[in-house]
Amino acid sequence: CTKDLDLRPTNDLTSESAFTGLNGYKQVLAKVYGSYALTGNSGPGSSDLGGIDAGTSDFLRLYWNAQELTSDEAICAWNDPGLPELNFQTWTPGNVLLRGLYTRSLFQITVANEFLRESTDDKLSGRGLSQADLAEIKRFRAEARFLRAFQYWVLMDLFGNPPFITENDAVGKFLPNQIKRAALFTYIETELKAIEADMAAPRTNEYGRADQAAVWALLARMYLNAEVYLGAGNAKYTDAITYSSRVINAGYTLMPTFRNLFRADNNVNNPEVILSINYDGIKSLNNGGTTFLINSSINAAMSPATFGVPNGGWGGNRAKQTLPLLFDDRSGNTDRRAMFFDGKLNVDDVSAFTDGLASTKFSNLTSAGVAAPSSNGTFASTDFPLFRLAEMFLIYAEAVKRGGSGGTEAQAITYLNRLRTRAYNGSTAGNITSYNLDYILAEKGREFYWEAHRRTDLIRFQKYTSDAYLWPFKGGVKAGKGLESFRTIFPIPSADVIANPNLIQNTGY
Amino acid sequence: GSISGKIIDEANQPLPGAAVFIDGTSLGTQTDVNGNYKISGIKSGNVSVTVRFVGYVEQKKQVTISTTPLVLNFSLVPENKSLNEVVVIGYGSVAKKDLTGAVTAVSSKDFQRGNIVSPEQLIAGKVSGVQITSNSGAPGSGSTIRIRGGASLNASNDPLIVIDGVPVSVGAISGAANPLSLINPNDIETFTVLKDASATAIYGSRASNGVILITTKKGSSGKPVVSFNSQLSASTLGSQIDVLSAQELRDYVTNNPRATAQYIGYLGESNTNWQNEIYQTATNSDNNLSISGAVKNIPYRVAVGYLDQRGVLLRDKLNRTSGSLSVTPKFFDNHLKVDVNVKGSLSKSRFANQGAIGAALQFDPTQPVYEENIFGGFFEYANGSGANAVPNPNAPRNPMGLIMQREDNSEVNRSLGNIQLDYMFHFLPELHANLNLGYDVAKGTGSTFVPEFAAQSFSTRGSRTQYLQEINNKIGEFYLNYNKNLRSLNSNINVTAGYGYYDNRTTNFNYPNLRANGDVIPGTEPTFPFDIPRNNLQSYYGRMIYTLSDKYIVSASIRTDGSSRFSEDVRWGVFPSASFTWRAKSESFLQNVQSLSDLKLRVSYGITGQQDGISNFSYLPNYAVSQNDSQYQFGNQFFNLFVPIAYDSNIKWEETETYNAGIDYGFLNNRINGSIDVYFKKTKDLLANVPIPVGSNFNNFLLTNIGNVENRGLEFNISADAIKTKDFNWNLGFNLTLNRSRITNLTLVPDPNFNILVGGFSGGTGGTIQTHSVGFEPFSFYVYKQVYDTNGKPLEGVYEDLNNDGVISEAGDLYRYKSPAPDALLGFSTQLNYKKWSFSTVLRANFGNYMYNNVASNFGVERNILNPSGYVANATSEIFRSQFINNQYLSDYYIENASFLRMDNIGLGYNLGRLSKASSANLRLNLNCQNVFVISNYSGLDPEIGNGIDFSLYPRPRTFSLGLNLDF
């Protein structure tokens with residue numbers, strides 16, 4: 001009878017049965033990717049993470065909040081725990097949303113590590129895989145390492161000094177060591193260069209999977225911000241030019257119509273996006289991601305059906321006036337990137353969604369204006385562009401301006417004018433003949449607002465904490481005020497500082 | 001030859017119905033109305049005559065039978081009932097006087113009365129150390145049972161419940177509000193609550209939260225007794241939550257400088273009291289018929305019951321048909337006792353949509369219930385008009401629409417039963433072999449339907465769901481018991497050793513969700529057609545009770561349990577106990593103290609375990625397959641994810657050490673009796689869902705063995721027959737429990753700031769109001785300290801800066817303030833009988849329990865009225881006091897003292913006696929009121945909510961019932 005004590009689950013798999021054949025590996029790889037798209041495994045109510053509401057626990061929603069609400073672009077009307085502190089840049093180590101983001105990034109790293117542990121040569125050898133399968137799995141491994149590097153970059157950028165775990169760590173209750181920001185920079189750089197050869201050539205991989213261009217794009221972004229991560233005097237603008245150029249020369253072109261980058265069919269015929277996070281209104285559901293971006297940015301009075309979410313419209317996020325004011329004409333008639341719902345420009349009451357213009361950049365309509373399938377009229381199918389060509393143009397131009405070599409201002413102006421021409425609907429009326437760094441920051445805002453870049457950019461331009469550049473409610477006062485200088489990185493969440501004595505809290509918190 | 005005679009009682013009154021028999025033969029009879037009997041046809045020689053009558057000491061007389069008729073009279077004396085009463089314990093029973101543990105038995109005569117639908121309510125307020133809190137006023141809803149405060153944080157705190165030897169599943173059964181409600185309370189004879197480790201450790205790994213043994217009614221010898229009882233009752237809402245009336249809301253909005261024209265424009269013309277709309281006076285009936293007796297010396301009892309209960313929330317309904325059968329024959333000259341019990345119930349429920357309860361509080365009272373629209377005629381806040389209207393996704397839904405536009409029906413069939421064979425060896429009558437085979441099976445099935453046009457499921461064009469669950473639990477137990485009086489040593493030894501096998505298996509079938517028209521909602525197709533969660537437990541146990549001179553009792557038990565939930569390395573746990581009992585009354589120096597009828601001192605120590613709450617396979621490194629709405633797209637293909645699940649390969653039992661010391665006392669021939677116990681419980685390897693270092697596992701939280709909790713307390717019981725005469729009897733019972741819990745350790749690393757945030761509340765997203773922290777009670781509230789102005793009005797958003805860092809933040813300014821657990825529980829029952837009248841009442845009080853008024857914190861703010869999402873909603877009247885604009889969820893302003901005194905029950909009975917001289921039918925009538933009143937300073941609806949978070953509780957109704965009992 002004691003045999004009956006050895007039970008096994010009915011439907012769950014063991015690591016042995018999960019990793020059978022190429023498809024098993026691919027389904028685990030799908031989880032490595034899915035970790036930044038979904039909140040959990042059992043629909044929008046489930047979560048991989050504890051200590052945070054399931055609907056709030058997806059990567060993009062948390063990352064977006066951390067990058068946008070804390071900047072001059074967005075403000076949220078909601079009272080949800082942790083949100084007001086991001087609105088006002090008064091977050092503390094107990095902030096539940098920052099804890100969620102930190103945990104989400106490390107979760108994806110943990111799953112990537114599991115994939116790597118289970119796909120070593122040793123493990124593979126006994127599993128009866130063909131040579132072709134083995135080659136494919138080698139590529140999977142490189143992609144898992146890429147996603148891990150990407151999340152370490154997020155952690156380095158936002159939290160500075162996160163815990164550090166690789167496939168060499170076991171699974172249990174151990175105490176991971178902390179890695180310092182500079183060491184982490186070196187690690188990510190080394191990893192990305194190490195996997196470059198194993199990745200698919202640009203634009204040859206399946207949609208939704210990373211390739212060499214994604215590696216280069218991340219390197220370019222990281223090199224552009226190197227002084228932030230490594231301290232003054234450690235600039236790597238030349239490297240930024242090198243890697244942004246590699247992407248630019250890899251065959252990507254701009255999406256002809258700007259708004260179609262953010263529409264539900266952006267997974268097809270998209271020449272610009274290098275890597276996206278994929279969502280589907282029927283098969284990949286969560287209350288974060290683009291579902292959050294679309295629904296939180298409109299309210300029920302804006303007729304949600306015209307955004308492809310007839311039953312949606314949560315009325316939370318809208319622009320601080322600093323954002324529409326980046327455009328000379330915010331109607332969208334000249335610069336098509338100005339996608340705002342006409343209303344009251346100034347934010348006087350944080351809790352009134354109608355104070356501040358609503359951003360209509362993301363939509364669940366297709367480029368043809370048809371609502372994408374959605375299981376409940378709220379979930380969106382729009383994919384989120386994590387890396388796209390336009391950023392590489394801006395990196396190139398900025399790095400050249402900041403003294404990097406290997407590029408020219410003339411070339412930079414050509415790139416910048418490609419963005420301008422598209423923005424002006426094919427007209428060269430908006431083209432420029434020269435530019436300065438302030439122009440780059442403003443243009444980055446016009447091109448990339450609502451795409452979760454802003455906090456990183458403001459920090460690089462040293463405008464983030466400074467009292468020389470203010471935005472509404474900066475520091476919690478309506479007119480804005482400077483922030484403490486330590487706020488350029490977020491605190492290590494106090495829950496983890498307590499759970500893991502190896503962690504030392506970031507300065508100032 | 002023959003014998004005849006008369007049998008009288010202590011007052012020289014005849015005893016009709018007493019059993020008289022000749023030992024070792026089948027000859028026997030019963031006394032007639034005058035106490036006379038006659039037995040003839042007895043063989044000549046020496047025989048032994050026995051007389052038995054319930055409540056009296058059995059008498060035997062040796063006589064010599066000849067052909068001459070013999071006259072043999074008996075005078076019976078009442079037994080000292082409470083001391084010789086047999087009390088069931090784990091795997092056996094003992095006389096109350098020989099009990100070695102903290103055990104309280106409550107029999108049917110002391111149960112709570114009235115319209116009791118779920119068994120545990122029978123003993124609410126009756127037993128010290130036991131807190132029974134009904135979860136809501138919904139038909140058939142269950143209760144939270146806590147014995148001595150519960151030992152765990154995240155694992156289960158529910159006691160083990162054993163019905164006639166079958167441990168029953170108290171886990172959820174699909175379609176049943178409460179699995180215990182599937183047992184008919186009318187079939188229950190006694191509840192025995194085992195509290196200290198001396199009593200519970202024989203149940204090993206499932207005993208940390210105490211054990212409740214339930215025995216059901218059995219047949220007795222003699223001619224059939226038919227008992228019929230019927231009860232009609234009406235339940236009404238006691239009180240409503242105070243929200244703004246339509247006029248108050250109109251005034252609030254129109255006079256508010258912050259209300260823009262837009263908000264004034266939202267106001268309607270109606271005056272709707274939404275709570276009046278959704279609640280009703282509910283009628284219930286409960287009918288039970290039982291027949292017990294014996295057929296050819298085989299005692300039996302059969303019973304059927306039919307319950308029809310409606311809820312005070314519109315459309316709520318429960319029908320339960322139950323049946324039970326008990327057969328208890330004896331064979332081979334009483335050497336083999338067979339005990340067969342089968343119980344079954346079929347229950348059908350229609351569940352009202354309880355979302356209406358919260359919606360009724362916040363729905364705009366200036367709006368009508370009905371309106372011409374596309375949502376089936378129920379007014380809704382919507383965007384767009386006419387055929388293009390879409391419900392505002394952020395607004396509450398029309399409460400009546402929520403109820404009337406949702407069908408939610410279930411049908412649950414459950415049966416449990418066992419056959420127990422107890423064989424006394426012919427060659428060694430001190431030795432018994434006992435085999436118990438039992439089962440607990442249930443099938444729950446149900447469906448919901450919301451029409452296409454209903455606003456509540458508008459986004460999916462209505463909904464249809466279904467579920468089916470089958471539960472199949474089996475138990476097998478075998479033990480040997482050796483009980484021997486060792487006269488030469490003036491002692492008794494009682495040894496038990498056994499084995500138990502418990503297999504719990506559930507099958508859950510999965511179905512897609514459908515739209516109202518039957519189309520599958522894409523993405524909801526299940527990945528697997530079914531799942532079979534299963535666990536297995538196997539045990540070896542032993543117990544030895546040694547009694548010396550009827551004065552000193554030493555008892556020890558040990559159990560070892562193996563569980564499928566743990567890895568082989570930690571699979572088996574050992575749970576010992578020991579106790580010493582001194583029956584001081586039996587000492588010569590007390591024997592002559594007439595006023596003292598009983599005095600017994602007990603001390604015990606033991607270890608029990610706890611494993612409920614651990615999922616079946618959390619020690620295995622498994623992968624789950626994601627659902628079809630959680631796939632990821634590569635290229636044009638979607639892939640179900642293979643997901644590594646967080647695991648703890650070393651997870652094991654929670655272990656509770658219990659120390660207990662107690663005194664059982666009795667005075668004046670036990671007219672006053674009771675007990676006092678003090679206990680100390682220390683749980684180690686506490687199962688808690690704790691934050692673990694991020695990155696070390698596939699989740700940042702893990703249910704693991706971490707930390708300690710200590711409980712200490714005192715229990716006091718007293719019962720007194722204040723008046724005991726022929727016509728007038730008055731009994732009073734009182735019990736008191738003091739309990740205090742402390743978390744003493746929680747984490748991998750000791751850090752005074754470590755918290756486990758728990759107690760999610762409604763409002764916002766993902767907030768918590770409670771914490772587990774070292775040095776504090778579990779579930780302590782974790783809040784900001786509110787600052788008030790000189791008039792005592794709370795200042796919105798102004799809190800004390802407890803860490804003096806100049807900013808108010810959750811990192812340093814939240815503090816731990818009180819907890820939902822009461823410091824003291826009091827229970828008081830009394831019963832008066834005067835001739836044919838009887839009167840009884842039960843009162844309970846809790847002291848020191850605090851409540852988070854989440855209704856006020858969520859709805860009592862201006863932001864709720866002038867809602868930023870584009871509509872007007874209602875607020876609780878509390879808004880006039882706080883005048884808060886925005887929600888201040890974490891303010892201690894909302895933590896209120898919820899101490900209370902509640903009258904559970906008051907009843908009046910009248911015994912008409914025999915309907916006529918000739919008839920044996922006896923009729924009793926009774927009138928009852930339940931939930932009579934509550935006295936409390938708590939400002940919300942009801943101060944009694946188990947988890948201390950008050951949000952849209954289904955109100956507990958006040959119930960009036962009229963019942964009749966007919967026995968013949």
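Predicted model: local features only at pLDDT ≥ 70, side-chain atom pairs only at ≥ 80, totals over all residues.
The domain assignment of chain A gives domain 1 (18–198 + 476–509) and domain 2 (282–385). Chain A holds 17 helices and 9 strands, and 60% of its 509 residues count as buried.

**Domains of chain A**

- The centres of domain 1 of chain A and domain 2 of chain A, taken over C-alpha atoms, are separated by 27 Å.
- Domain 1 of chain A contributes 19 residues to the contact, and domain 2 of chain A contributes 23 residues.
- On the side of domain 1 of chain A that touches domain 2 of chain A, helix 3 (59–69) and strand 2 (74–76) of chain A each supply at least two residues.
- That side of domain 1 of chain A comprises 10 nonpolar, 5 polar and 4 charged residues.

**Overall form of chain A**

- A compact globule of 509 residues would have a radius of gyration near 23 Å, and the 22 Å of chain A agrees with this.
- Taken along the principal axes, the C-alpha atoms of chain A fill a box of roughly 75 × 50 × 50 Å.
- Of the contacts in chain A between residues at least 6 apart in sequence, 65% join residues at least 24 apart.

**Nonpolar cores**

- The largest nonpolar core has 259 residues, of which A:Ala220, A:Val247, A:Phe393 and A:Tyr396 touch the most other members.
- Helix 7 (residues 131–158) of chain A gives the most to this core, namely 14 residues.
- This core lies between domain 1 (18–198 + 476–509) and domain 2 (282–385) of chain A, because both domains give residues to it.
- A second, separate core of 56 residues includes B:Ala124, B:Val127, B:Ile145 and B:Tyr541.
- Apart from neighbours within four places in sequence, A:Phe393 is in contact with A:Ile248, A:Tyr415, A:Leu416, A:Arg418 and A:Leu419.

**Contact between chains A and B**

- Chain A gives 93 residues to the contact and chain B gives 82 residues.
- The elements with two or more residues on the side of chain A that touches chain B are strand 1 (13–14), helix 1 (15–18), helix 2 (21–34), helix 5 (96–117) and helix 17 (494–499) of chain A.
- By class, that side of chain A divides into 40 nonpolar, 39 polar and 14 charged residues.
- Strand 1 of chain A and strand 35 (residues 622–625) of chain B run antiparallel and are joined by 2 bridges.
- Within this pairing, A:Thr14 has B:Asn622, in strand 35 of chain B, as its bridge partner.

**Surroundings of A:Glu118**

- A:Glu118 is located in the loop between helix 5 and helix 6 (121–125) of chain A.
- A:Glu118 counts as buried because it has 21 C-beta neighbours inside 10 Å, where the criterion is 20 or more.
- Not counting residues up to four places away in sequence, A:Glu118 touches A:Ser15, A:Phe19 and A:Lys123.
- A:Ala66 is 52 residues from A:Glu118 along the chain, and their C-alpha atoms are separated by 33 Å.

**Antiparallel pairings of strand 29 in chain B**

- Strand 28 (residues 463–486) of chain B pairs with strand 29 (residues 491–509) of chain B in the antiparallel sense over 19 bridges.
- B:Leu480 has B:Ala497, in strand 29 of chain B, as its bridge partner.
- The hairpin of strand 28 of chain B and strand 29 of chain B has 4 residues between the strands, and B:Asn490 there takes a positive phi near 55°.
- Strand 29 of chain B also runs antiparallel to strand 31 (residues 534–548) of chain B, with 15 bridges joining them.
- B:Thr496 stands opposite B:Arg543, a residue in strand 31 of chain B.
- A further antiparallel pairing, of 2 bridges, joins strand 29 of chain B to strand 30 (residues 530–531) of chain B.
- B:Phe509 stands opposite B:Phe530 in strand 30 of chain B.

**An open sheet in chain B**

- In chain B, 3 strands form an open sheet with mixed pairing, in the order 56-53-59.
- Strand 56 (895–897) and strand 59 (949–950) of chain B are at the edges with a single partner strand each, so one side of each is left without a neighbour in the sheet.
- Strand 53 (residues 850–853) of chain B pairs with strand 59 of chain B in the parallel sense over 2 bridges.
- B:Tyr852 has B:Ile949, in strand 59 of chain B, as its bridge partner.

Methods
Residues numbered from 1 in each chain as written. Chains lettered and ligands numbered in written order. Core = buried A, V, L, I, M, F, W, Y, C linked by C-beta atoms within 7 Å. Buried ≥ 20, exposed ≤ 12 C-beta atoms within 10 Å, placed from the backbone. Domains from an automatic or database assignment. Contact = placed C-beta atoms within 7 Å. Pairing = 2+ DSSP bridges. Nonpolar A, V, L, I, M, F, W, Y, C, P; charged D, E, K, R; others polar. Rg over C-alpha atoms; globule rule 2.2 N^0.38 Å.
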